[in-house]
Amino acid sequence: MIKLLLFLLPIALFSEKIYETTFTQENKKAMNNPKIKCRMVCDKKLYRQQEISEAISFYKSSKRYTFTQNGFSPFE
């Protein structure tokens, strides 16, 4: 068991370096650009709104749920 652990430990330590990334100058400038940051935030908000509208349309078209004034409730 100890031999297996000693064999797998270096593999685990060196495999972490695979996920390290290096940033180019263009990437660093883009990360500090306020217009790009604003665009990313806006895209994230739009994506969330789209997910919410898709969920609402799913529940509206589903036969198992009904909408009332208090929200929606499943048929039982």
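## Helices and strands

The chain has 3 helices and 2 strands, and read from the N terminus they come in the order α-α-α-β-β. Helices here are DSSP runs of H or I with at least four residues, strands are runs of E with at least two, and both are numbered from the N terminus. Keep in mind that this is a predicted model, where local features need pLDDT of at least 70 and side-chain atom pairs count only at pLDDT 80 or more, while totals for chains, interfaces and linings use all residues. Residues are numbered from 1 along each chain as its sequence is written, and side-chain values use heavy atoms, with hydrogens and water left out.

## Surface

Of the 76 residues, 1% count as buried; buried means under 20% relative accessible area, exposed means over 50%, and partly exposed is in between (1.4 Å probe, protein chains only). The accessible surface of the chain comes to about 7,900 Å², with 63% of that belonging to carbon and sulfur atoms. Areas come from the Shrake-Rupley method with a 1.4 Å probe, and for residues only the protein chains shown count as cover.

## Helix α3

Helix α3 covers residues 34-61, and its end C-alpha atoms are 41 Å apart, in agreement with the 40 Å that 28 residues should span. That expected span is 1.5 Å times one less than the number of residues. At the start of α3, a side-chain oxygen of Asn 33 reaches to within 3.1 Å of the backbone nitrogen of Lys 35.

The structure holds 1 salt bridge, meaning a Lys or Arg side-chain nitrogen within 4 Å of an Asp or Glu carboxyl oxygen. Asp 43 pairs with Arg 39, the closest N and O atoms being 3.1 Å apart. These two are 4 residues apart in α3, so about one helical turn separates them. Asp 43 is partly exposed at 35%, whereas Arg 39 is exposed at 55%.

## Cysteines

A search of the whole structure finds 0 disulfides, a disulfide being a pair of cysteine sulfur atoms within 2.5 Å. Cys 42 has its closest cysteine sulfur in Cys 38, 4.0 Å away, so they're too far for a bond. Cys 38 is partly exposed at 44% relative accessibility, and Cys 42 is partly exposed at 38%.

Key. Polar contact = N/O pair within 3.5 Å; in protein donor to acceptor, adjacent residues only side chain to side chain.
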